[in-house]
Amino acid sequence: MPRTKAKKILHFSLDQHQHPKQPMTLPVPMASKVLAIPELHAEIASNLLIYDYASCALVSKQWHDVWNPYVWSSIVNRNPQDQHCVRYGHLVRHFHAVLLAQGLRATAMTPISLDVVRQVCLELKTVALVSYTVPAEDFGRRIMDITEFPAPSTEATGGNPSKTERIGVPREVSNGFLSNSIQSLTLTLLHDVGISALHWIVLAGRQGRLQGLQKFKLTGVNFRSYETELKVSANDIHACTVLFPDLRKFSVSMSIGDPDLDQDTDIGGQSVLQKLKLSSLWSLTALPFILRPLHSLNSLTIGGISAQFFLTQIPRHCPNLTQFTYLARHDDIAPSLWIEFLAAYQGLTHLGLYDTSITDATVFFLAWNCPSLKDLVLPRLETGITWQAISALVENLALLQVLIVTPRKIPGEFFGTRVDQEATDGRGSEAVVVFKPWACQNTLRELVLRRVELKNGVDDYALFRQRMWSLKRLTKLSIFGEHIAMECFVDTKAQRQSSPGFPCLEKFSLSSFETPMTLTEVQAMVGQMPQLKDPGLSSRCLTREAEKWLWGQYRDTGNGGYDEYAE
């Protein structure tokens, strides 16, 4: 339609409308009243996406003033222009980026530069930087604002080429990446860059920066922790735990070396660190050196070290642990020593032991002496434990919420108890199955069982089904084993069931099935799980038709059948 004709039609329509002689007094829009209350628009914002914030900011000036801070609160997976960042950088609170070596831009998109973020975004709360290519000097210039890198001297390195001196000091000027407003700092860097970055962060702490830091995580990439000569200084780790007064969580996934006892380690202050993770510790002297000031520590994850010496050091320095995880490497710890170690921590609520050697005696000790245990993770054990030991856990630990175990095998008796009783006709004894309630049946939320073998057919299927149905709060179930059938999850003989067998189950994983399930069988099983979001069933469990239907039903919520504990 021509533009002039459209205008004539518009004017004609307006002329036909009867306008009042007196101007109307419109009431204040309800939306304006709502947006005047910060708590209400904060609640509304929690249900919107960043694209919704941008749309709201374009409605009016008042809406722009309210929603523009939400638009700019986070720079995650996007890359605004430099001039826009200069204008609104004071609103940015969260910055996550993948760094590229070419020009050290934030991402592959070119607009934003790290120099602008460092100079303008001075009220950041969370920072996450990932780099697989950026060298140490570029990282120091653009992130830490270091302008001079003096050549290392022989005296500085002690004549040892494997010992690097992290040279250069951050300039004492405004730097968003070192702001006292930062509460969470996550760095994923090349191993040598990570070593330098940690030292620079210590220097920044000595300058009075990053004083609001509550969570710090450093991960090294592209290195073999047991082969590399370059190692993180235990002195820097010790300094970090003391320099930052609000630091609660500290994690370093890099190779850690011996401390330099000649350095001045008397920093002063009191550490309030509660959670520590050192996943690649290879120094016996570093462990007590790092743990010495951590009197408030209640969660410890340690890996790499395998000498029996460390088990005696931890209770001495950390008497208040309630969570402990051990990531073994070439484990040589005697199983009997674990009982002595656990005797010092009978109030444990979380225990994870990976790739280590424990026996039934250790598991029975846990069942009888650690009543507060809520999470028990034993996914990969060097020495297998029996199903009777696992039964002792579930029959005695009334607070257990997470159980992940790999025994030698789990027969049908595990789900019920077979006992020999005298036959009523006087013909000797016979095996009778007694269904004994688990102490944790009202608390267990996650159950992962490996090496399940239901060889007795229908009898074992009924025991398994009855046991699983009794766990009404179960949200995650993963079963790996043999002879698993449809009857394990659905009572095929019952014509109608009053309530679903798995009312809270959200994630379900199954490695194999006796025969692939048909579409009708899958629909019957899923019908027992009304809250299911992630069916991690391998293709071996399903016919082609059933697999296609299941994928169509859960493609937006599931993970394609992947399970983190799959073998």
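# Burial, contacts and packing in a predicted model

Q: Which residues of helix 16 are buried?
A: The buried residues of helix 16 are Trp-387, Ala-389, Ile-390, Ser-391, Ala-392, Leu-393 and Val-394; buried means under 20% relative accessible area, exposed over 50% and partly exposed in between, with a 1.4 Å probe and protein chains only. The model is predicted, so local features need pLDDT of at least 70 and side-chain atom pairs pLDDT 80 or more, while totals for chains, interfaces and linings use all residues. Residues are numbered from 1 along each chain as its sequence is written, and side-chain values use heavy atoms, leaving out hydrogens and water.

Q: What makes helix 16 mostly covered?
A: Seven of the ten residues of helix 16 (387–396) are buried. They pack against helix 15, strand 11 (375–378), strand 12 and strand 13.

Q: How many helices and strands are there in the protein chain?
A: There are 19 helices and 19 strands. These are DSSP runs numbered from the N terminus, helices being H or I with at least four residues and strands E with at least two. Of the 567 residues in the chain, 47% count as buried.

Q: Why is Thr-406 called buried?
A: Thr-406 has a relative accessible area of 6%, so it counts as buried. It lies in the loop between strand 12 (402–405) and strand 13 (410–411). Beyond four places in sequence, Thr-406 is in contact (heavy atoms within 4.5 Å) with Leu-378, Pro-379, Arg-380, Leu-381, Arg-450 and Arg-451.

Q: What makes the pair Thr-406 and Arg-450 a polar contact?
A: Their side chains come to 3.4 Å, and the term covers a pair of N or O atoms within 3.5 Å; within protein, one must be able to donate a hydrogen and the other to accept it, and residues adjacent in sequence count only if both atoms are side-chain atoms.

Q: Is Gly-416 buried or exposed?
A: At a relative accessible area of 2%, Gly-416 is buried. Gly-416 sits in the loop between strand 13 and strand 14 (417–422). Its C-alpha atom is 6.0 Å from that of Leu-463, 47 residues apart along the chain.

Q: How do you know that the buried residues of helix 13 are on the same side?
A: In helix 13 (309–317) the buried residues are Phe-310, Leu-311, Gln-313, Ile-314 and His-317. They cover an arc of only 165 degrees around the axis, and therefore lie on the same side of helix 13; the arc is that of the directions from the helix axis to the C-beta atoms. Among the elements covering them are helix 12 (286–291), strand 8 (299–303), strand 9 (323–327) and helix 14 (335–343).

Q: Why are helix 13 and helix 14 called roughly parallel?
A: Their packing angle is about 0 degrees, with axes 10 Å apart. Axes are lines fitted to C-alpha atoms, for helices over the stretch in contact, and angles run from 0 to 180 degrees between N-to-C directions. Angles under 35 degrees count as roughly parallel, over 145 as roughly antiparallel, 65 to 115 as roughly perpendicular and the rest as oblique, so helix 13 and helix 14 are roughly parallel to each other. Leu-311, Ile-314 and Pro-315 of helix 13 make the contact with Leu-337, Trp-338 and Phe-341 of helix 14.

Q: What makes the buried residues of helix 19 line one face of the helix?
A: Ala-546, Leu-550 and Tyr-554 are buried in helix 19 (544–554). They fall within an arc of 40 degrees seen down the axis, so they line one face. On the other side, Arg-544, Glu-545, Lys-548 and Trp-551 are exposed. The cover over the buried residues includes helix 18 (519–526) and strand 19 (534–537).

Q: Which residues have the most contacts inside the largest nonpolar core?
A: They are Phe-139, Phe-324 and Phe-489, in a core of 156 residues. Such a core is a set of buried Ala, Val, Leu, Ile, Met, Phe, Trp, Tyr and Cys residues joined through side-chain atoms within 4.5 Å. Helix 10 (191–206) supplies the largest share of this core, nine residues. A second, separate core has five residues, including Val-377, Ile-404, Val-448 and Phe-480.

Q: Why does Asp-355 count as partly exposed?
A: The relative accessibility of Asp-355 is 24%, so it is partly exposed. Asp-355 is placed in the loop between strand 10 (350–354) and helix 15 (360–369), and its phi is near 55 degrees, a positive value in a residue other than glycine. Most residues other than glycine have a negative phi.
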